[in-house]
Amino acid sequence: MIIKNGSIIIDNKLVKKDILVENGIISKIADELNGEEILDATGCMIIPGATDVHVHLRQPGYEYKETIKSGTMAAAKGGVTSIITMPNLNPCPHNVENLKVQEDIINTDAVVHVYPSGAVTVNEKGQEIADLEELCKKVVCVTDDGVGVNNIEILVEAMKIAKKHNIVLASHAEDSVDGKLPQGEYVAVRREIKLAKEIGCKYHFLHMSTKESFEEIRKAHEEGYSNITCEVAPHHLVLNETMIKDGNYKMNPPLRSPENQQETIKALLDGTAIMIASDHAPHAKHEKDKEYSKCLNGIIGIETMLPIVYTNFIKTNKASLNDFVNWFVTNPNRVFSLPERKIEVGYAADIAVVDITNTRKYTEEEILSLSKNCPYIGMELTGFMRYTLVDGKIVWRDNYEK
């Protein structure tokens, strides 16, 4: 298979090259290649498939919202070839027996690489520590995403076990006193950074959204604690609380003030936040189509993550091509110790062919996720995928000519 007429990133610039894929591997990159099977990448940027470290696939337990098959198909459509799943499932992966239920479905149904996380506490209830000694041998990170771990004794023990096994502990930083208010986030961040410094584990903050949180993480970096990392979500970059229309704009952390939105952008551009993750959280129509205060938290986002960031940051020259790849590929893979991906000879052909020429409206009808809870419907975006490959196999092909 030859990916032809597209451009790859060399020295932060787009350079036209053809790519030969054989046996799941990038085997040749040249100015001109010819063969029988051609993928036309005219007008496209070719990058390694993205990694999304924050995805709710809902299976097992909540298949009416999403399945591993539908969620990974949505990932492929979005140019995402590796994902880390969150543990708010039934059964909850707080031990290896429950984890295996999810792993068995992944092995059968997933069309992209799926790396499960384990829960920090039993059923994410914060009362009893999970079987982390065994889980940490099987997963890439542990987290109670969806709730903050406010039992400090358990959190400290979890940090120690995560450090012993050299895996990431990922935090949904939310203090039990102030909850979803801005101070609920940054009070927890301050407390957890202090502990992470003392214990020395790899500590990752999920979906950061407030000025004070970024200030604390920035300070930790200045002090040399590179093991403390954070991500931001596309919705906190391009939306704020003044834009809320309905339940499809409700998530946790919630949309913040315009000032906090600007601080989120600043943190991404200055390197305080080193990756972008979707926090893809599908919910059924009946869970969102009601009074705002009664709606469940969460939006889908894995199909639109790359187009939103390309449109708002790369196309506008606020950030570079290298930034784009670092945010979506290099940094998440490095932090979570996932396989390295590059558009170079010898690397696995996990490839996103991004159409950077055509701009179009995102529609509800095209969504592959089982749920449609999305605030981006109707947005004009550039950077949708023409093709996505996983280990050299085409897992998404856009009918862009029709």
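Visitor: In which loop is Asp11 found?

Guide: Asp11 is found in the loop between β1 (2-10) and β2 (13-22). Helices (H or I, at least four residues) and strands (E, at least two) are DSSP runs, numbered from the N terminus. This is a predicted model, in which local features need pLDDT of at least 70, side-chain atom pairs count only at pLDDT 80 or more, and totals for chains, interfaces and linings use all residues. Residues are numbered from 1 along each chain as its sequence is written, and side-chain values use heavy atoms, with hydrogens and water left out.

Visitor: Is Asp11 buried or exposed?

Guide: Buried means under 20% relative accessible area, exposed over 50%, and partly exposed in between (1.4 Å probe, protein chains only). Asp11 is exposed, with a relative accessible area of 68%. Its phi is near 55°, a positive value in a residue other than glycine. Asp11 and Leu321 are 310 residues apart in sequence, yet 9.3 Å apart in space, C-alpha to C-alpha.

Visitor: What is the phi of Asn123, and where is Asn123 found?

Guide: Asn123 has a positive phi of about 55° although it is not a glycine. It is found in the loop between β8 and α3 (132-135). Asn123 is partly exposed, with a relative accessible area of 42%.

Visitor: Which residues are joined by a cis peptide bond?

Guide: Pro60 is in the loop between β6 (50-55) and α1. Another cis peptide bond joins Asn252 and Pro253, with omega about 0°. Pro253 is in the loop between α7 (234-238) and α8.

Visitor: How many residues of α1 are buried?

Guide: Helix α1 (residues 68-77) is mostly covered, with eight of its ten residues buried. Among them are Ile68, Thr72, Ala75 and Lys77. The cover over the buried residues includes β7 (80-85), α2 (96-109), β8 (113-116), β15 (359-361), β17 (385-390) and β18 (393-397); contact here means heavy atoms within 4.5 Å. Gly79 follows α1 and has a positive phi, near 80°.

Visitor: Which residues does Glu303 touch?

Guide: Not counting residues up to four places away in sequence, Glu303 touches Ala74, Lys77, Gly78, Tyr362, Glu366, Ile367, Leu368 and Ser369. Glu303 lies in the loop between α9 (285-288) and α10 (305-314) and is buried, with a relative accessible area of 4%.

Visitor: What polar contact does the side chain of Glu303 make?

Guide: A polar contact is a pair of N or O atoms within 3.5 Å; within protein, one must be able to donate a hydrogen and the other to accept it, and residues adjacent in sequence count only if both atoms are side-chain atoms. The side chain of Glu303 makes one with the side chain of Lys77, at 3.2 Å. The Glu303 side chain also reaches the backbone nitrogen of Leu368, at 2.6 Å.

Visitor: Where does Asp175 lie, and is it buried or exposed?

Guide: Asp175 lies in the loop between β10 (168-171) and α5 (182-199). It is buried, with a relative accessible area of 8%. The side chains of Asp175 and Arg191 are joined by a polar contact of 3.0 Å. Leaving aside neighbours within four places in sequence, the contacts of Asp175 include Asn150, Gly184 and Val187.

Visitor: In what order do the five strands of the open sheet stand?

Guide: Two strands pair if DSSP finds at least two bridges between them. The order is β9-β10-β11-β12-β13, and the pairing is parallel. β9 (141-143) and β13 (275-276) stand at the edges, each with a single partner strand, so one side of each has no neighbour in the sheet. Between β9 and β10 there are three bridges, and Thr143 stands opposite Ala170 in β10.

Visitor: At what angle do α6 and α8 pack?

Guide: Two packed helices are described by the angle between their axes and the distance between the axes. Axes are lines fitted to C-alpha atoms, for helices over the stretch in contact, and angles run from 0 to 180 degrees between N-to-C directions. Helix α6 (residues 211-222) and helix α8 (residues 258-269) pack at about 25°, with axes 9 Å apart. That makes α6 roughly parallel to α8; angles under 35 degrees count as roughly parallel, over 145 as roughly antiparallel, 65 to 115 as roughly perpendicular and the rest as oblique.
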